[in-house]
Amino acid sequence: IRDIAGELRATPPTADELLRARQPILERWQRQARQNGSWVSLVAGAQARPDYLERRRTRAAVLEAIAPADVGSAADRYLDPASAVEVRPSVPIADSF
């Protein structure tokens, strides 16, 4: 994880890498839009949270607007090794099963 975080901080993803990460999400959203279950869920959620409809309308545009530089900026801000927290199990993994 440290290596991946370091790579993202050193070099943001290329436009092609970002497209390959983004495309499956957009395709899944398009498939869901053609299914009744997605619409039922949307309507049920929108009754309790009116902002839900607007978020659904704009989510593809928001995702497509993310640029490689945005990922690099986020990596610089949130993946700073100086502020990293390391979590270790209290029991060795082999002994926990």
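Biologist: In which helix does D70 lie?

Modeller: D70 lies in helix α5, which spans residues 68-78. Helices (H or I, at least four residues) and strands (E, at least two) are DSSP runs, numbered from the N terminus. This is a predicted model, where local features need pLDDT of at least 70, side-chain atom pairs count only at pLDDT 80 or more, and totals for chains, interfaces and linings use all residues. Residues are numbered from 1 along each chain as its sequence is written, and side-chain values use heavy atoms, with hydrogens and water left out.

Biologist: How far apart in space are D70 and P13?

Modeller: Compare two separations, one along the sequence and one in space. D70 and P13 stand 57 residues apart in sequence, and their C-alpha atoms are 9.8 Å apart. Now take D3 and E27. They are 24 residues apart in sequence, with 29 Å from C-alpha to C-alpha. For R56 and E7, the values are 49 residues and 32 Å, again C-alpha to C-alpha.

Biologist: How many helices and strands does the protein chain have?

Modeller: The protein chain has 5 helices and 0 strands. Along the sequence, its pattern reads α-α-α-α-α.

Biologist: What does the radius of gyration say about the protein chain?

Modeller: The radius is taken over C-alpha atoms, and the globule rule is 2.2 Å times the number of residues to the power 0.38. For 97 residues the rule gives 13 Å, but the protein chain has 19 Å, well over that, so the chain is more spread out than a compact globule. Along the principal axes, its C-alpha atoms fill a box of roughly 45 × 40 × 25 Å.

Biologist: At what angle do helix α2 and helix α4 pack?

Modeller: Axes are lines fitted to C-alpha atoms, for helices over the stretch in contact, and angles run from 0 to 180 degrees between N-to-C directions. Helix α2 (residues 15-33) and helix α4 (residues 51-65) pack at about 170°, and their axes are 11 Å apart. Angles under 35 degrees count as roughly parallel, over 145 as roughly antiparallel, 65 to 115 as roughly perpendicular and the rest as oblique. Therefore α2 and α4 are roughly antiparallel to each other.

Biologist: Which residues make the contact of α2 and α4?

Modeller: Contact means heavy atoms within 4.5 Å. From α2 come R22, I25, L26, W29 and Q32, while α4 gives R59, A60, L63 and E64. These residues divide into 5 nonpolar, 1 polar and 3 charged. Ala, Val, Leu, Ile, Met, Phe, Trp, Tyr, Cys and Pro count as nonpolar, Asp, Glu, Lys and Arg as charged, and the others, Gly among them, as polar.

Biologist: Where do the axes of helix α3 and α4 cross?

Modeller: Helix α3 covers residues 36-48, and its axis comes within 7 Å of the α4 axis, crossing at roughly 140°. That makes α3 oblique to α4. Here S38, S41, L42, G45 and A46 of α3 meet Y52, L53 and R56 of α4. The contact of α3 with α4 has 4 nonpolar, 3 polar and 1 charged.

Biologist: What does R56 touch?

Modeller: Leave out residues up to four places away in sequence, and R56 touches S38 and L42. R56 itself is found in helix α4.
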